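Let's take a walk through a protein structure together.

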Amino acid sequence: MILVWLIVILMVGGVLAWISGKVNRALSRWVALGSVLAVFGLTLYLWLSNPVPVLGSAWLIQFTQPWIPQWGISFSLAIDGLSLLMLLLTFFIGLLAVLISWREIQTKVAFFHFNLLWVLAGITGVFLTMDLFLFYFFWEVMLIPMYFLIGIWGHENRRYAAFKFFIFTQASGLLMLLAILGLYFIHGNQTGVYTFSYFELLNTTLAPEAARLLMFGFLAAFLVKLPVVPFHSWLPDAHSEAPTAGSVILAGLLLKTGAYGLLRFVLPLFPTATVEFAPWAMLLGVIGIIYGAILAFSQTDLKRLVAYTSVSHMGFVILGVFAFNEWALQGVVMQMITHGLSTGALFIIAGFLYERLHTRDIRQMGGFWSTAPKMGVIALIFVMASLGLPGLGNFIAEFLTLVGSWQANNWLTVFATIGLVMATIYSLRIMQKIFFEANHMEQALPDLNAREMLIAIPMVAMILWLGLYPQSVLDTARPSIQEQLQAYTETPLEHEHVAEVAAPETETSVVNDVEWKPSSNFQISTSPNPSTSKASTPLIIKSSN
Amino acid sequence: MTLTDFQHLMPLLILTFAVLVSMLVIAVGRNHKIMYVITAVSFLAAFASLFELRDVGRYTIEPLLVVDGFGVFYIGMMLLAALLISMLSYAYFEQREERKEEYYMLLLLATIGACVLVISKHFASLFLGIEILSVSLYALIAYLRTRERSNEAGIKYLILAAFSSAFLLFGMALVYASTGTMEFAGIAAAIANFTELPLLLLTGFGLMIVGIGFKLSVVPFHMWAPDVYEGAPAPVTAFIATVSKGGVLGVLIRFFMEVDGFRYPTLVLIFTIVAIASMLAGNLLALLQRNVKRILAYSSIAHLGYLLVAFLAGNQMGVEAVTFYLVAYFITTVGAFGVVAMLSDKERDAEQLEDYRALLWRRPWTAAVFTAMLLSLAGIPLTAGFVGKFYILAAGVNTQLWLLVVMLALNSVIGLFYYIRIVAVMFQQPEAEAEIQPRGRLRPSIYVASVGTLTVLALLLVYIGVYPSGLLQIIQGLLVTSTAP
């Protein structure tokens, strides 16, 4: 039930925020803050009560309730380490998004918070659902409010950007819907059971040709969302025209839904087709890394610049996903989290600057280090994070990804590493242009105030924590990553001692409609043989600092 | 005819009776409110009488009609749509000076025509139904006769519909000439052994498709739709878009399922081309429009194309998908035109995109309802349109009509452009403070009828979007008896 509550609180909170706006503008901000805090608290509680997921069972909680039984659609939610981490990120970023809009959004405050909370609800749904119909449903639910966020509260060119964002994601989403339907009918014809359940569909055997086509359907949606280079053109527009909260959610969360989709659906559903496609996907990743970096370097609009760094960083994600080993996937999960934080932070700084200067043009900025030292320090930390300085989270992410992808494809990894050098160049350019050089502005630039520090400090703490002690995150993600990779690492040895482990009791009051499914589909050996493969050795990373 | 025959035709008899009563009432004295109440009550009574026919199975009234689950469902759907339209009409016509009482009579008549269509099993009843429907529509479209556009639309519809009827008749004659019967079942038996249609029969079917295509306004027979939609009074437009098309589609499905037209590649090819052309032309032309009624006209052309995709699936699931989508489409279209009708003032309909600028800040609830309707047309989740589109896609994927399915997906994206554009216009910032003031409203009692109807429609839309199982159960329960050939 707790999973349903996460979504319900956000949706109801959204409606309440809208209604309470009629009474008082400030009230809707507090309602929004309260509901995000509530779900954040719930998720945190969930994480802390299962500090180390029991080995052998990746799924912590499941909830299933029939929805449209005629079509085999159920309202099915489940959480494992991966979803848990993504939810923590979602609500953390959501909290920041509410806080940074406190002063920035002054028109139609109530409707803004409604949209904000509904985007978060949609994203939460995407990270939780285990029913493909429901997945598509939430995938679409997060689009509309995002469209409004960009289209109503964005900058000058907002309508164009909102349009483009909507059309790109909708078109690719429909292709995914076709693929989902294809999978549904193939599975139904094989087994006679027509269902959209993820766990059931995992057992579908596909002809290679069909698998390839269906995989491309799913890839269309995820690669556009990620985005991978030929399909990225919506991203710079959407990111730069959105209000700060919108940019933060786009960069921090919406892109991650694409990566999550790759991990959760594409890898386990199409184990053969992905292997065929892997070299091309990795090539696209490398192209993305380098292309994004080059374009980032040549931008003058700060938000556009940061947007292109996202393209570059997301290249690492696709590179890692298609390396098919645990190192790379751990790197991908870390990258999703740290990129969410570091890029989110850079957008927030861009927002702070825009609020003060009403420009995003970095040519007009300069020399702010002396006038706004606090902002300078914060910016420095996140710029360093973005270029992958050891000690900060992004380093761990990129290091792991590269280690993993090296095992899969040496040459492409070499080229990907060039991206790190380029990241250094564009990142230092940001610092150089904004905080050093001569100050052309006559305008006074007030330093960060208490509310802004309240936003910045937790982010700094998080990125440092992820950089210095990523073990807790890696531990949480590990079982589910192994599960996604099961089809790739499967060796007969590993299945000798199969043991079924029931899901841990996190909720004491089990309601009738909650079904407790032991992880029947996934039986992981209780004692993994350390000699079978490199990927199954436990990962312990100690940072150099 | 026996007594049981009459019982099975009860909805039609009630409507016919209502028409006669209306005529007498008008003769005694004109009163808009009384006419309105008679109409609404008779629609309700006709709908209630359908509950008697719930478990009808398949009852034939030789040689013309057949009452079965399929027919009952379609009649019910059209009666409800007509009821909602008459609710919306009251406020719309109350503002206008012209004589408004005959309008309801024509509305009742046109509904009878549509109902006859979906239960006909003979060319004679088919033609009778289509003509009752069309003749009433001629008058309805040109009802506001002082307005130039309205007259133009009426004449246009009259000429084209007469032409299409001629095509239909000629087609029927050719089919009769080669099979010797006008009953659907007889035709099915006569051509059961043909693997390929002979030329004469093919020509007959082709001409009939022209006639039916006009009524459905599918490409290339769609020319009249935008002009008529634009010229007709908004409630009448809603009627043309829903009840009239629903009835014709119903008889098309019945005929095709009966003769199993899906066996013949030529016919399937014709419908495939028509479906693709309708989707593409409808959506692309809608992009160029600035007039909301014309946008909705082109969008309905595209939606008929979507419906044909499920129709072409040609099996039980396809029929269910068509029916489900039709319900969603009815709700959405009536709702959208209801908003147009509600925003219209004495002089003209609210049809320019400009009329909707910053509507969200002037009339938030109206704008919210309109947004919901448009998003449903675009097939966005939480609305009935999404589930309907999903059903159609599922039916298409199931029978592996990949070309059509991909075209549908592509067209949904094109469709998004113009739906979202209207939404964007409504969400724009008001330029001056004066604009925020709502324009003069009608008397509250009249206003309530429209607002209530729109609220019901919006709630239905979301309910079906979130919880479609209920509707699915009804559809599957009623259709299971009738479509098995």
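This is a predicted model: local features need pLDDT of at least 70, side-chain atom pairs count only at pLDDT 80 or more; totals for chains, interfaces and linings use all residues.

Residues are numbered from 1 along each chain as its sequence is written, chains are lettered from A and ligands numbered from 1 in the order in which they are written, and side-chain values use heavy atoms, leaving out hydrogens and water.

Start where chain A and chain B meet. Chain B brings 36 residues to the contact and chain A brings 31 residues, where contact means heavy atoms within 4.5 Å. Together the two chains bury about 3300 Å², and 81% of that is on carbon and sulfur atoms. Buried area is the accessible area (1.4 Å probe) that two parts lose on being put together, summed over both.

Which helices of chain B supply at least two residues each to the side that touches chain A? They are α17 (384-398), α18 (402-427), α19 (444-466) and α20 (469-479). Helices here are DSSP runs (H or I, at least four residues), numbered from the N terminus. In this group α18(B) gives the most, with twelve residues. Sorted by class, this side of chain B has 27 nonpolar, eight polar and one charged residues. Ala, Val, Leu, Ile, Met, Phe, Trp, Tyr, Cys and Pro count as nonpolar, Asp, Glu, Lys and Arg as charged, and the others, Gly among them, as polar.

How many salt bridges are there between chain B and chain A? The count is zero, a salt bridge being a side-chain nitrogen of Lys or Arg within 4 Å of a carboxyl oxygen of Asp or Glu.

Next, look at the backbone. In chain A, L226(A) and P227(A) are joined by a cis peptide bond with omega of about -10°, and P227(A) sits in the loop between α9 (208-225) and α10 (234-241) of that chain. In chain B, the peptide bond from V219(B) to P220(B) is cis, with omega near 5°. P220(B) belongs to the loop between α9 (199-216) and α10 (224-231) of chain B.

One last stop is A358(B), a residue other than glycine with a positive phi, near 60°. Find A358(B) in the loop between α14 (316-343) and α15 (359-362) of chain B.
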